[in-house]
Amino acid sequence: MNDYDNILAKSPENGVGIPLRKHIEDVASVAVVIAENLNLDTGIARKGALLHDIGKASPLFQQKFKQDYIMKPGFVFRHEIASLFFISLLDSEEEKKIAIEMIAAHHKSMYGDVRELGILDLYENENSFKIHSEDFDAWCPAALEILSESGMRTHPITLDEAKKNYDYAVSYCESLRDTKTYGYSIWKGVLMAADHFASALGGKTSDEISRLFVAPDLSYYDRKSELYPLSLLAADDARLHTLVTAPTGAGKTDFLLRRCKGRVFYTLPFQASINAMYDRIGSDLKNTDAQIRLLHATSSLKVKGKRLEERMLQRHVGASVKILTPYQMASIAFGIKGYEAMISDLKGCDVVLDEIHTYSDIMQSIVLKIIEILLTLDCRIHVGTATMPTALYKKILAILGDNTYEIKLPENILKTFDRHIIHKKISFEQCYPVLDRAVEKGDKILIICNRVKRAQELYRSLKEIYPEVDMMLIHSRFKRGHRQAKEDELKNRYNISDHACIVVSTQVVEVSLDISFDMMITECAPVDAMIQRFGRINRKRPQDPSGKHIYVTAPPDNKDEAKPYSLEVLKKSYEVLPDDNWLHEADIQKMLDAVYPEITAGNLDYSGAIFKEGQWSITQLCHRDKSALLETLDIDTAVCITEEDDKKRYKLATETERLVMEIPVNYRFIAYKGLDQRDYGMRPYIIPDKAYSEELGLLQDEVCLENFVKFEIM
């Protein structure tokens, strides 16, 4: 054991702490690889990474690892500020400034931090240096020895020299603020990405470094089939960007991937759909060197009182293929903590924006803003959809410019996708006769509701009516492990069933689940969402002149019952559907344009975006701790775990094991119920066991304090 391995960087969460020397060396190794990929100076990347946490050698930080440690009220020690005391070990002014960008704000915004803990926020307290330099002469030698053992050239640093370094760093940060130096710091991004990666993998960092920034071999997708008309089209057009409109089942995914030249960020609208795409691409590329990563969650939230802090997650930098949702990429548009790390990973990559939905004007705005920013990052952008209104198409094309390869299938090909007969019904009760006949016939039946609670109620009812029929409920409020098992069963058992079965679902089946059922009953949704749903019926387009039947129930009468959708959009969507007649693929564009005659996107330039009119509008080394999106989007940004089943296991589990236990939820549903929240992992909220069923998922009405076996006050 090294003499200084008792000086820790990370708390011994699983019983073993991570030595500071090990952590900074791991971060430095990753930072070098990231810098090399970005054509940056690898030498300064290594030095800055070695210095970024060296302030943790202070006893003021180390005392946090003691079991009986209790933080003094009002006491503030930021290890990154103490780390700046060592920048005189660098050789030039340029290196010092770069190191400051890597160190000063890798946890807190430089100023205006939500808790006023940024370097300039604390500088206003004249005692800040005095607090951070307490016993400096005593702990500085250990810090220098750790740096020396890590390969950095050192010299003794006096308290006066530490003060000069601190003043220099503060002065540089003040200059960025006072001169309004806008934009992102790529160096901060390099450090944060490396730090997140090393922290996530712990002692296994060195094993994974060789797999970073490997461009995937996508030749698998060169396959051709008459069944998938896009597979027959050339994908080697010299234009950088792509805009594809084609029906579900036309081979869009393969075509978009054939257009990619380097590392790929593949986005889909829902957390559920990215799970299916992860499985699909992982299986397709299993015999290659590609590293496929799935970004399971958008952020880590901490709620205390009425204050909300958020950290966008950007772990596993450098993956060959990263699969995520547009919201998980939205940090670059809103300057959420970690956005520079996302940028350092994205620069120069291929970005696929698949199945862009338009029922949310806010999400539409986000996608347009993301495209603008991706262009400045030299990304190649590939947009694919079965459901894009003309107004949105023209807007995206205007942003991408002339360097865009446009693909639309001709009408004679579209006719081959006519496969559904639509029937409008006033209510679900009107569908029972056809449901009875379908069950007797042995059909595979898919029923889709717009809300989890409604799906649960309907599932319970159908279980009583058809007790002998195989039946499954699937939605987004299951533990991730249970949801994955359900998706596997849906694809591998229900999808190939030769006898009657019923699957009750929510929107989670709309996109990328490769299933093909015989009949559908669905609540009315926005027309673009319904077309995606319809794609789960008769997906393989067998030569069946009779078609497959889909029953759509009428929209509700009031706005509250219409949620999460707009009642006006639902009414328009229901109106444009055929009734007791074929849905012709060639008519879908007219239907979309009738529902969405114009772009209704909100103006993000005035509601939180940090990139406006082609220019950055956020000060370097600053970020935002609360996303403007959280108040407006119905998205999963928090997680729950069960009281007795998972609480104890979660603390000791690995990151992968924790994912299996987590139930994704909207923070507005869970954050202010007075529930216990853990400070590790994804900061999960504890819910009573009574509020979760492996068959039904999260039972919203049961999430209350009286249902706990033993409630713990925070």
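This is a predicted model: local features need pLDDT of at least 70, side-chain atom pairs count only at pLDDT 80 or more; totals for chains, interfaces and linings use all residues.
Residues are numbered from 1 along each chain as its sequence is written, and side-chain values use heavy atoms, with hydrogens and water left out.

**The chain as a whole**

- You're looking at 29 helices and 25 strands; helices (H or I, at least four residues) and strands (E, at least two) are DSSP runs, numbered from the N terminus.
- Of the 714 residues in the chain, 60% are buried; buried means under 20% relative accessible area, exposed means over 50%, and partly exposed is in between (1.4 Å probe, protein chains only).
- Take the contacts (heavy atoms within 4.5 Å) between residues at least 6 apart in sequence: 77% of them join residues at least 24 apart.

- Two packed helices are described by the angle between their axes and the distance between the axes.
- For α1 (residues 20-37) and α2 (residues 42-51), the angle is about 150° and the axes are 8 Å apart; axes are lines fitted to C-alpha atoms, for helices over the stretch in contact, and angles run from 0 to 180 degrees between N-to-C directions.
- That makes α1 and α2 roughly antiparallel; angles under 35 degrees count as roughly parallel, over 145 as roughly antiparallel, 65 to 115 as roughly perpendicular and the rest as oblique.
- The crossing of α1 past α2 is right-handed; a crossing is right-handed if the near helix is turned clockwise from the far one by less than a right angle, and left-handed if anticlockwise.
- On the α1 side, the contact uses Ile24, Glu25, Val27, Ala28, Ser29, Ala31, Val32, Ala35 and Glu36, and α2 brings Thr42, Ala45, Arg46, Ala49 and Leu50.
- Sorted by class, that α1 and α2 contact has nine nonpolar, two polar and three charged residues; Ala, Val, Leu, Ile, Met, Phe, Trp, Tyr, Cys and Pro count as nonpolar, Asp, Glu, Lys and Arg as charged, and the others, Gly among them, as polar.
- Helix α2 also meets α5 (residues 93-103), with axes that come within 9 Å and cross at roughly 50°, so this pair is oblique.
- The α2 and α5 crossing is right-handed, with Ile44, Ala45, Lys47, Gly48, Ala49 and Leu51 of α2 touching Glu95, Ile98, Met102 and Ile103 of α5.
- The class count for α2 with α5 is seven nonpolar, one polar and two charged residues.

**The seven-stranded sheet**

- Seven strands line up as β14-β15-β13-β16-β17-β12-β18 in an open sheet with mixed pairing; two strands pair if DSSP finds at least two bridges between them.
- The edge strands are β14 (470-474) and β18 (581-583), each with a single partner strand, so one side of each has no neighbour in the sheet.
- On average, neighbouring strands of this sheet are turned by 25° against each other, direction ignored.
- Helix α20 (residues 432-441) packs on the sheet, where it touches β13 (444-448), β15 (501-505), β16 (519-523) and β17 (548-553), and its direction makes about 150° with that of β16.
- Helix α22 (residues 480-494) lies across β13, β14 and β15, at about 140° to β14.
- Four of the five residues of β14 are buried, so β14 is largely enclosed by the rest of the structure.

**A covered helix**

- All eight residues of α23 (residues 527-534) are buried, including Asp528, Gln532 and Arg533.

- Most residues other than glycine have a negative phi, and most peptide bonds are trans.
- Lys563 and Pro564 are joined by a cis peptide bond with omega about 15°, and Pro564 is in the loop between α24 (559-562) and α25 (567-576).
- Asp135 has a positive phi, near 55°, in the loop between α7 (128-132) and α8 (136-149).
- Asp378 also has a positive phi, about 60°, and is found in the loop between α17 (361-376) and β10 (380-385).
- Asp378 counts as exposed because its relative accessibility is 56%.
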